[in-house]
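This report describes the fold and selected local features of the protein shown below.

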Amino acid sequence: MNVKLDDSWKKHLNDHINSVGFKNLVDFVKNEYKNNICYPKGSMIFSALNNCKFDDVKLVILGQDPYHNPNQANGLAFSVPEKTNHPPSLINIFKEIEQDLDVRYPLNGDLMYWVKQGVLLLNSTLTVRKNQPGSHQNMGWENFTNEIINLISVKKNNVVFFLWGSYAKKKSNLIDHNKHLVLSSGHPSPLSANRGYWFGNNHFSKANKYFKENNIKEIKWV
C-alpha cells in the first residue's frame with residue numbers, strides 16, 4: 001500500500017503520515033492485503049480524499065468501516081458501485097432523501113456525484129477484511145481519520161457534519177460547533193431506523209438551508 005494521497009491533504013497531514021504509528025498501520029494493511037481478501041481495492045483506499053480535495057470540502061458524512069461483502073466497497077462511506085444492489089443503510093439514506101426533498105428515490109448507489117460537489121464520505125476505518133466487519137479497527141486508521149476531522153474543523157469554516165449513530169457522534173468533540181453545523185441522528189441501518197431514530201431527520205434539506213444562508217452552493221443530492 002503506497003500512500004498515494006492528494007497533495008491538498010498530504011501537505012496538512014505530512015507529520016502524521018511520517019509518524020511511527022502510521023508507518024505501523026501501513027505495514028499492517030500491506031500484510032492484510034497480501035494474506036487475506038480485503039476491501040476496498042488497494043487503489044481505492046484513499047478514494048474519498050483523492051476525489052474531494054481539502055479546499056473543496058463543504059460537508060462531511062462519517063461512516064464506520066467499509067462494506068465487507070464482495071463488490072460493494074468503493075472507498076466512499078455508504079457508497080457502492082453503480083448497478084450494485086443498495087445495502088440496507090443506503091436504502092434508508094435514499095428513502096430519507098426521497099421524503100425530505102420530495103424527489104424520486106435515487107437509482108445510482110455510487111455517491112461519487114456527491115463527492116464531486118464537496119461531500120467527503122469518510123469512513124473512520126478505511127479498510128476491512130472480507131466478511132469480518134471491524135477487523136481493521138484500532139490499528140491506527142482512527143488516529144488518521146480523527147486528524148482529518150480536526151484539520152477540517154480548525155482550518156475551514158461553515159462545513160456541515162452529518163454524525164449518524166453513536167459511533168459517529170463520538171467524533172463531535174473534534175469539531176468546533178461555533179464555526180460549523182453539526183447534525184446528529186440515529187444510524188440509517190434498519191436496526192436504528194426501524195426504532196424511529198433515523199427517518200425525519202431532514203439532514204439533507206437542513207444542510208442546503210445552511211449553505212444558502214452562508215452563500216455556499218447547495219448540494220444536488222439526486
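## Helices on the sheet

In this predicted model, helix α6, spanning residues 141-155, lies across β2, β3 and β5. Its direction makes an angle of about 150 degrees with β3. Helix α9 (residues 203-213) also packs on the sheet, where it touches β2, β5 and β6. The angle between the directions of α9 and β5 is about 165 degrees.

## Strand order and pairing

The sheet is open and consists of four strands in the order β3-β2-β5-β6, with parallel pairing. Its edges are formed by β3 (119-123) and β6 (181-185), each of which pairs on one side only. On average, neighbouring strands are turned by 20 degrees against each other, direction ignored.

Strands β2 (residues 59-63) and β5 (residues 160-164) run parallel and are joined by three bridges. Within β5, Phe-161 is the bridge partner of Val-60.

## Nonpolar core

The largest nonpolar core comprises 64 residues. The members that touch the most other members are Trp-9, Ile-93, Trp-114, Leu-120, Phe-144, Ile-152 and Phe-162. Helix α6 gives the most to this core, contributing six residues.

Beyond residues up to four places away in sequence, Phe-162 touches Leu-59, Val-60, Ile-61 and Leu-62, together with Leu-183, His-203, Phe-204, Ala-207 and Trp-221.

Glu-96 is located in helix α4, which covers residues 88-101. The residue is buried yet has no salt bridge. Its nearest side chain of opposite charge belongs to Lys-206, 8.2 Å away; a salt bridge would require a nitrogen-to-oxygen separation within 4 Å.

Which residues surround Glu-96, leaving aside neighbours within four places in sequence? The contacts are with Trp-198, Phe-199, Gly-200, Asn-201, Asn-202 and Phe-204.

## Backbone features in loops

Tyr-39 and Pro-40 are joined by a cis peptide bond with omega of about -5 degrees. Pro-40 lies in the loop between β1 (38-39) and α3 (47-50).

Two asparagines adopt a positive phi: Asn-138, at about 60 degrees, and Asn-158, near 55 degrees. Asn-138 belongs to the loop between β4 (128-129) and α6, whereas Asn-158 is in the loop between α6 and β5. Asn-138 counts as exposed because its relative accessibility is 68%, and the cut-off for that class is over 50%. Asn-158 has a relative accessibility of 26% and therefore counts as partly exposed.

Conventions: Residues numbered from 1 in each chain as written. Predicted model: local features only at pLDDT ≥ 70, side-chain atom pairs only at ≥ 80, totals over all residues. Heavy atoms only, no water. Pairing = 2+ DSSP bridges. Helix = DSSP H or I, 4+ residues; strand = E, 2+ residues; numbered from the N terminus. Axes fitted to C-alpha atoms, helices over the stretch in contact; angles between N-to-C directions. Contact = heavy atoms within 4.5 Å. Buried < 20%, exposed > 50% of the residue type's maximum accessible area, 1.4 Å probe, protein only. Lys, Arg positive; Asp, Glu negative; His and termini not counted. Core = buried A, V, L, I, M, F, W, Y, C linked by side-chain atoms within 4.5 Å.
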